[in-house]
Amino acid sequence: MSDRHMGNPSAVARAAALSARLEGPGSVHLVRAPGRVNLIGEHTDYNEGLVLPAAIDREIWIAFQPWDRPEVELTSAGFDETRSFSFEGLSPETRGAKSWIDYVAATAWAMRDAGLPIRGFRGVMDSTVPIGSGLSSSAALEMASSWALAVPGAPRPDAGVMAAIAQRGENRYVGVNCGIMDQFASAAGQAGHALLIDCRVNQFKTAPMPAGLSLVVCETGSARKLEASAYNTRRSECELGVKLIAEREPGVRALRDVDEAMLERNRDRLPEIVARRCEHVVREDVRVMATVAALRDGDLDALGRLFAASHASLRDLYEVSSAELDAMVDIAVAVPGVVASRMTGAGFGGCTVSLVKHGAEEALRDVVLAQYQKRTGLEPRIYIVAAVDGAGEVKQDA
Ligand code: GLA
C-alpha cells in the first residue's frame, strides 16, 4: 500500500487493518481526509475574507466496497456502531436520527443537489481526528465521504467547489451554519504548506511552512457548549455591520469590502458591540497577509506579534476565547522556543495552535502538562502535527 498521501506513518497499518474488516466479494477502496488547524484568519471566512489553515496528519479513513444499491452502510470503528441511509427521498426535511452518519448523508444530498452523480457503498471508517475539539472532524468526514460517494470517471469539480458543496450540506442538511474554511482545508491541503484561501472567490495559494518550525496543537479539554448559538450571533452581528455601513458606502457587500479607514468613518452608525466585531474581522484580514509575508521571510518576531494580536482581538473584540484558551496561550508563550501561539477555530474552548522551534516541542509539552491542569483543573492534550495533502483516494498496491 502506498503511503505517499499519508502524513502519519501508522496510517498505513491502520488503513490495512480497516480494509481487512471488509469481507465478501468486490475490491476494497480506501479514501482519506485530514482535519485542519487554522494558523490565522479567524471568523473571517463567512465575511468573504482570508484564512490560513493547514490540513494536518490527524485524519479520517474510509475503506469501502461500492455496491449497486442507492444506500450507504458505514461502520465507525471509533463509535463501534453501524449506520445507514438511503439516497431515496434524501433531503434536509427527512433527516433521520442526529448522528455522525448525518455528515455523510449531508454530503450525498449536497453532491446530488449540485448535479454530481453518486454511488452507494458499504464501508468501515476510522479516525485520528479528536472529536469536538475544533480540528474539524466533521469536515474531514464530509470530504472523505465525497470521495467514497463519487462515481469513478465522472468529472470532479476542483477542491474549492467540492468544499462549497460539502459546506452547503453541513449548512442545510445538518443545520450547522459554518463557513467554508474547514472543508476547503481538508479538500485542498498540501504537504508542508499552509493554504491562503480567499473566501470571496474560493481560491487558494500555498504558503510553505518555514523550515525549522513545528506546528503544535494544544487541546484545552474544555467543553464548547455555547459555540453554535454564539457563532450564529457573531455572524448576525457582522451582517448587521455590513448593512449599516452599506447604507452610506455603496459597493459594500461583505466586511471584506471594508478597510480600517472606512470602519472608522462609519463607527458612529454602529452599535458598540457590532463595531468591535467588525474591527476584529477587518484587522484580522490584514494580519493574514502579514503572516504570509512573515512565514515567507522567516520573520519569527513578526509571527509572534501577529498571533498575539489575533488572540487578543478574538478575546477582547470578538469575545470568542475562554479562560482555558487564554491560560493555554499564556503558558505556551513563556516557553523558550515557542515563536507564536493563539486560539484556533471557532473558539469557546477547543485548541490553541503554536509555532515552535524544532527541538522545543518536548519542553512545551512538559510545561503545559505541568502547569495547565494546575491552573484550570482540566487535562490538556498536545499534538505535534504536520501539514499534509488534502483528501483523496489512497492507491493500494497489489
Ligand atoms: C469554525 C467554522 C469555520 C470558521 C471558524 C472560525 O471552524 O466551521 O467555517 O468560521 O469556525 O474561523
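Colleague: What do Glu-284 and Arg-287 form with each other?

Modeller: They form a salt bridge, with the closest N and O atoms 2.9 Å apart. The term covers a side-chain nitrogen of Lys or Arg within 4 Å of a carboxyl oxygen of Asp or Glu. Keep in mind that this is a predicted model: local features need pLDDT of at least 70, side-chain atom pairs count only at pLDDT 80 or more, and totals for chains, interfaces and linings use all residues. Residues are numbered from 1 along each chain as its sequence is written, and side-chain values use heavy atoms, leaving out hydrogens and water.

Colleague: Is Glu-284 buried or exposed?

Modeller: Buried means under 20% relative accessible area, exposed means over 50%, and partly exposed is in between (1.4 Å probe, protein chains only). Glu-284 has 0%, so we call it buried. Arg-287 comes in at 10%, so it is buried too.

Colleague: How many salt bridges does the count come to?

Modeller: By that rule, 27.

Colleague: And which residue does Arg-342 meet in a salt bridge?

Modeller: Glu-42, with 2.7 Å from N to O. This pair links distant parts of the chain, 300 residues apart: Arg-342 is in strand β10 (residues 338-344), while Glu-42 is in the loop between β1 (29-38) and β2 (50-51). Arg-342 is buried at 0% relative accessible area, and Glu-42 is buried at 2%.

Colleague: What about Glu-247, which partner does it have in its salt bridge?

Modeller: Arg-269, with the closest N and O atoms 2.8 Å apart. Again distant parts of the chain are linked, 22 residues apart: Glu-247 sits in the loop between α6 (227-246) and α7 (260-266), and Arg-269 in the loop between α7 and α8 (272-297). Glu-247 has 52% relative accessibility, so it counts as exposed, whereas Arg-269, at 28%, is partly exposed.

Colleague: Let's turn to rings. How many aromatic pairs does a search of the whole structure find?

Modeller: It finds 6 aromatic pairs. Take Tyr-46 and Tyr-231: their ring centres are 5.3 Å apart and their planes are at 65°, so the pair is edge-to-face. Tyr-46 is in the loop between β1 and β2 and Tyr-231 is in helix α6, 185 residues apart, another link between distant parts of the chain. Both count as buried, Tyr-46 at 12% and Tyr-231 at 11%. Phe-85 and Phe-87 make a tilted pair, 6.0 Å centre to centre with 50° between the planes, and both of these are buried. The general rule is that rings of Phe, Tyr and Trp (its six-membered ring) pair if their centres lie within 6.5 Å; planes under 30 degrees apart are stacked, over 60 edge-to-face, and the rest tilted.

Colleague: Which ring does the charged end of Arg-156 sit over?

Modeller: A charge sits over a ring if NZ of Lys or CZ of Arg is within 6 Å of the ring centre and within 35 degrees of the ring normal. For Arg-156 the ring is that of Trp-147, 3.7 Å from its centre.

Colleague: Which residues surround the ligand?

Modeller: Being near a molecule or strand means that a residue has a heavy atom within 4 Å of it. Those around the ligand include Arg-36, Glu-42, His-43, Tyr-46, Gly-179 and Tyr-231. A polar contact is a pair of N or O atoms within 3.5 Å; within protein, one must be able to donate a hydrogen and the other to accept it, and residues adjacent in sequence count only if both atoms are side-chain atoms. The side chain of Arg-36 has an N or O atom 3.0 Å from an oxygen atom of the ligand. For His-43 it is a backbone N or O atom, 2.7 Å from a ligand oxygen, and for Gly-179 a backbone N or O atom at 2.9 Å from one.

Methods:
Helix = DSSP H or I, 4+ residues; strand = E, 2+ residues; numbered from the N terminus.
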